[in-house]
Amino acid sequence: MMKNFLNNINKISTPAYVIDESLLRRNLEILSKLQNESGVKILLAQKCFSMFYFYPLIEKFLSGTAASGLYEAKLANEFFHGENHVFSPAYKSDEIDEISKICEHVIFNSFRQIEKFSSVVKKYNHQIGLRINPEHSTQSHAIYDPCSPASRLGVRVAEFKEIAENNPELLKKIDGLHMHTLCEQNSDALDETVEVLIKNFGDWIANFKFINLGGGHLITKSDYDIERLKKIIHRLQKIFNLQIYLEPGEAIALDAGFLISSVMEIQKEIDGVKNVIIDASAACHMPDVLEMPYRPQIVGENPLGKFKYRLGSVTCLAGDVIGEYSFDKPLNEDDKIIFTDMAIYTMVKNNTFNGIPLPTIYAIDNEGALKKIRSFDYSDFKNRLS
């Protein structure tokens, strides 16, 4: 792949996202095999990767999509031929009919929402789900932890038990449960969470048709324990006899994309490191670098390299710094910088802060040919404003 990619590097206008079809296929083949061997159904979490140019490819391997609201649900309905699931912490009254019409599974975040809208969903003979909170954290990133003490996401066991005892007819409106607790984790975290799930909700799970175990499963990472995941799935199927869903986003497009940037200026050295201005931005084009935070990898970097640089953007934000990097050779103006693993949570989260242009989007097909999918200009910036 890298040979084909580098052969095309001078044809790419920066900044740019480049998605490699062969790398995307690799992930999809792993996930498809898991579906075939375990009976689980895997959904594309569009909140992570919504490049609908590739939906015709993805639908050949996966069972459907997971949306976070009306717009993502409409995108899937238009471009993806598969199951269409949606979850939102709350739905608007003027959107629920359209959502219920195009989504086979509508997942609610509270019993109150089910009371308000269940009749709308059932009008289309579609299934109702309820998100639950097992109250078991397995991660250290508080911003991404749905099981934090003050979390607004999911019904806790105490409330669930109260409804089961005092309003069993409301419980009968529910077809399945939804649980999302992980973030970039292996199957050991899911295993311990499922133990808590069975302990807290096991008395009721068998009454439902499905359970969705959410996302955060980094299934296509090289060290992920897929055999352990299969055992978890088979255990739940054996105990409760229901359909299991997973809805990863990162696992689908992991390591399948790149962000290409150009060096604009190299400043004088300060304390052994030179500041470099590039035409890509952490704040605008890869927000998770600042939110998570994390330091993305660059093709050709060497931690022991002689030449040290701090890469920053052209925005006015002083903290819009991607990180410090070392190379064996010095950087020069107009050199290309290639950030890896940039398909996920980039295009879906980018913005035009400071009027910074959105990156052009390219795809590389299985034969190594480069294709420009979408470019952006001033009108895309202006039309977001008023």
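**Figure 1. Salt bridges in the predicted model.** The structure holds 18 salt bridges, and these close-up views come from a predicted model. Side chains of opposite charge can pair when their charged atoms come close. One of the pairs is formed by Lys172 and Glu169, whose side chains meet with an N to O distance of 3.1 Å, and both Lys172 and Glu169 are exposed. A network of salt bridges links Glu37, Glu227 and Lys230.

**Figure 2. The salt bridge between Lys209 and Asp175.** The closest N and O atoms of Lys209 and Asp175 are 3.6 Å apart in this salt bridge. The pair links distant parts of the chain, with Lys209 in the loop between helix 9 and strand 8 (210-212) and Asp175 in the loop between helix 8 (168-171) and strand 7, 34 residues apart. Lys209 is exposed, with a relative accessible area of 51%, whereas Asp175 is buried, with a relative accessible area of 8%.

**Figure 3. The salt bridge between Lys349 and Glu291.** In this view Lys349 forms a salt bridge with Glu291, and the closest N and O atoms lie 2.9 Å apart. Here too the pair links distant parts of the chain, since Lys349 belongs to the loop between strand 14 and strand 15 and Glu291 to helix 13 (residues 288-291), 58 residues apart. Lys349 is partly exposed at a relative accessible area of 25%, and Glu291 is likewise partly exposed, at 37%.

**Figure 4. Helix 2 and its buried face.** Helix 2 covers residues 21-38, and at 1.5 Å a residue its 18 residues should span 26 Å, which agrees with the 26 Å between its end C-alpha atoms. The buried residues of helix 2 are Glu21, Leu24, Asn27, Leu28, Leu31, Ser32, Leu34, Gln35 and Ser38. Seen down the axis of helix 2, these buried residues fall within an arc of 155°, so they line one face of the helix. Lys33 and Asn36, on the other side of helix 2, are exposed. The helix is followed by Gly39, whose phi is positive, near 85°.

Figure 5. Arg131 is found in strand 6 (residues 127-131). This residue is buried yet has no salt bridge, and the nearest side chain of opposite charge, that of Glu247, is 6.8 Å away; the cut-off for a salt bridge is a side-chain nitrogen within 4 Å of a carboxyl oxygen. Leaving aside neighbours within four places in sequence, Arg131 is in contact with several residues, among them Phe87, Ile107, Phe108, His178 and His180. Of these contacts, Phe87 has Ile107 in strand 5 as its bridge partner, and strand 4 (residues 83-87) and strand 5 run parallel, joined by 3 bridges. From strand 5 (residues 105-108), His105 and Ile107 point one way while Val106 and Phe108 point the other way, and all are buried.

**Figure 6. Strand 11 between two pairings.** Strand 10 (residues 257-270) and strand 11 (residues 273-278) run antiparallel and are joined by 5 bridges, with Val276 in strand 11 as the bridge partner of Ile266. The hairpin of these two strands has 2 residues between the strands, and in this hairpin Asp271 takes a positive phi near 55°. Strand 11 also pairs with strand 12 (residues 307-312), in the parallel sense and over 4 bridges, and Ile277 stands opposite Gly312 in strand 12.

**Figure 7. Leu358, a buried loop residue.** Leu358 lies in the loop between strand 14 (336-340) and strand 15 (360-364), and is buried, with a relative accessible area of 15%. Not counting residues up to four places away in sequence, Leu358 touches His285, Asn350, Asn351, Thr352 and Phe376.

**Figure 8. Cys183 and its contacts.** The place of Cys183 is in the loop between strand 7 (176-178) and helix 9 (187-205), and at 13% relative accessibility Cys183 counts as buried. Not counting residues up to four places away in sequence, Cys183 touches Gln139, Tyr144, Gly216 and Met292. The C-alpha atoms of Cys183 and Thr138, which are 45 residues apart along the chain, are separated by 8.9 Å.

Technical notes
Residues are numbered from 1 along each chain as its sequence is written. This is a predicted model: local features need pLDDT of at least 70, side-chain atom pairs count only at pLDDT 80 or more; totals for chains, interfaces and linings use all residues. Side-chain values use heavy atoms; hydrogens and water are left out. The expected span of a helix is 1.5 Å times one less than its number of residues. Buried means under 20% relative accessible area, exposed over 50%, partly exposed in between (1.4 Å probe, protein chains only). The arc is that of the directions from the helix axis to the C-beta atoms. Lys and Arg count as positive and Asp and Glu as negative; His and the chain ends are not counted. Contact means heavy atoms within 4.5 Å. Two strands pair if DSSP finds at least two bridges between them.
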